[in-house]
Amino acid sequence: MKKKMSTKKKLRFAAVIVVILALIGGACYTVLIAPYLSQEQWVYIETEVVRGTLTVGVEESGSLEYGISTIDYDLDLSVTTSSDDDDDDDDEETVEKYLKVEEVYVASGQRIEEGDAILKFTDSSVSDVRKLLEAALVDARSDYAEAESTYELAVLEAQTTYETSKVAQSYASEIYEYSSSSVSDNIASLQIEITQMQAKTASLEEAVTEAQENFNDFLYGSEDDTDFEYYDYSALEELYQATLALAEEEGIENTANYMQIMDLYESKMSQYNNMVSAVENAQDALQEHLDQIEELQEELAQAQAKEAIGQLQASQTYEESVLEGENAQTTYNAAVEDLKEDLEEAAQELEEIQDQLAAFEEFVGDDSIIYADGSGIITGVGYEAGDTLTTSGTVISYAPTGDMTISIDSTQEDVVSMTVGDTVAIEFTAYPGEAYEGTILSIDTTATSRSSSTISYAVVIGVNGEEEALQKLYGGMTADITFITDQSADTLYVSRKAVVTENGKSYVYVLSDSDSGEYELQEVTTGLSNTSYIEILSGLEEGDIVYIASTVSSVEEVEDTSSDTTSTDTDSFDLSDFNMEDFDMSDFNMSDFDMGGGMSGGSAGGGR
């Protein structure tokens, strides 16, 4: 009787059968099914024709950067007070109280609006600081009032001394002016008299000239420029000889005629003498006049010399008085400056403590709470509850909503078409299809790379938009920027993937039969295009549906479908546990198996 196979061996044998069947199935798939599945299949994805503005230009990518604003704590809360030690009034000590944080209302990454509460200080710490500053303000006001009183009294004393010196100086000036004016009056009188004498000189010179001209007329019978010396008596002899010659011409030969000639001669001699006297009298009068002028000029010179000496003496006396006055002024100024320094120092201390108190009150407000001075995203919080503000620091830092920039590097070929102030189109990867605008803020004129193959320049773009749209943006978001070189407004456009080009013409796929799912190409006329869209000039209408055609293999479809099915669970059986040596084919009996799917075994004792 043949030994029956154990249950364990039966299980191992069943596993072998499964492996053999799997190998047979794999071979069938490879030979019969796989070639069919590897064939490409067409897939159509619908897209809509839309109307809007299509922009074309240079495209770059960059990351969003935030400008950072801060609310800082930089208050000086220290005050200097006098020591209580009466023996040393100069001893001073510095006293300082500190603010303490009670609660912080914000955290990093949180969006805040202008006016939101940031943190609150403890009421006790605020009260302690306020009392310290107010007490220091009272002391500063008292010190200033004392310094002001001392200053005013000392200035009054210095002013009295100064005015006394100035009075003496003013008398010296009057004495000097009187002395100078009396001498000046005498000189002026002499100058007037000389001027009048000099005016008369011309008439006397004319009298001399006239007497000389009359004398020349007497001698020569005509006016000429003959230079005649009337003391030369040879001229009279010539006159006598001329008279005799005249008598002879007229036939005067007797004594009577001679006497006539002599009478004529004596008459001429008398006239001659009269002429000479007239000339001499005129010259004497002129000379006397000139002598008088000379005397007056000497008297004027003496008066001017006396004036110079008197002015020198008066000036010396005056300058001595002025010097005394100036010394008084210097003394006064020095005293006032010393007193003014004390007063200004007291005023400065008063102003400083007033500024300290005002800055403190503005910082803590009425409710000891610091509020946001702008909106944005918090990037850092400097303090937490329980902290004491012993040093300056940043309370919060935040990225303002309106201070967003994107920096890109543009090639030298593209940057020449860009200008600061130009508008650019921005699309963020996180928000596809949402259009943002930006403005070129700066273009660096220094190249960021100087290699022979790449030269680029840094371009900074500011992001524009409504507050609601900008609040959706976060630092580090990537964006595609289009530097607009051309655009078409109010035009139709569609995805570039939907347009097929054949033989120089453009087509799109449209659904020709919805029942059978057949598609056909429809010719269109295209215009501008960028990396994503292309303009449709004709052939389609707004809202039309076209299809993007692409091929995909059947294997990919099967894999996509099979990825959703449940895999065979093989965790319960490991082939490595199977050992063919443990299996004896002679133990195998087909009657032990139910081919219907169940395994027969009967009871423990059955079949024996």
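Modeller: Let's begin with how the parts get their names: helices (H or I, at least four residues) and strands (E, at least two) are DSSP runs, numbered from the N terminus. Ala549, for one, lies in strand E22, residues 545-553. What you see is a predicted model, where local features need pLDDT of at least 70 and side-chain atom pairs count only at pLDDT 80 or more, while totals for chains, interfaces and linings use all residues. Residues are numbered from 1 along each chain as its sequence is written, and side-chain values use heavy atoms, with hydrogens and water left out.

Colleague: What makes Ala549 count as buried, exposed or partly exposed?

Modeller: Buried means under 20% relative accessible area, exposed means over 50%, and partly exposed is in between (1.4 Å probe, protein chains only). Ala549 comes out at 23%, so it counts as partly exposed.

Colleague: And which residues does Ala549 touch?

Modeller: A contact means heavy atoms within 4.5 Å. Leaving out residues up to four places away in sequence, Ala549 touches Trp42, Val43, Tyr44 and Tyr509. There's also Lys497, 52 residues from Ala549 in sequence and 8.1 Å away in space, C-alpha to C-alpha.

Colleague: Why is the pair Arg51 and Asp490 called a salt bridge?

Modeller: The rule asks for a side-chain nitrogen of Lys or Arg within 4 Å of a carboxyl oxygen of Asp or Glu. For Arg51 and Asp490 the N to O distance is 3.5 Å, so the pair passes. Arg51 sits in strand E2 and Asp490 in strand E17, so the bridge ties together parts that are 439 residues apart in sequence. Arg51 is partly exposed at 38% relative accessible area, whereas Asp490 is exposed at 56%.

Colleague: How many salt bridges does that rule give?

Modeller: The count comes to 6. Another of them joins Glu102 and Lys120, whose closest N and O atoms are 3.9 Å apart. Glu102 is in strand E6 (residues 99-104) and Lys120 in strand E8 (residues 117-121), so this pair ties together parts 18 residues apart in sequence.

Colleague: What makes Lys120 buried there?

Modeller: Its relative accessibility is 13%, and the buried class runs under 20%, so Lys120 belongs in it.

Colleague: Why are E7 and E10 called paired strands?

Modeller: Two strands pair if DSSP finds at least two bridges between them. E7 and strand E10 (residues 376-381) pair in the antiparallel sense over 2 bridges, so they meet the rule. Ile112 stands opposite Gly376 in E10. These strands belong to an open sheet of 4 strands, ordered E3-E12-E10-E7 with antiparallel pairing.

Colleague: What makes a strand of that sheet an edge strand?

Modeller: An edge strand pairs on one side only, as strand E3 (69-73) and strand E7 (111-112) each do.
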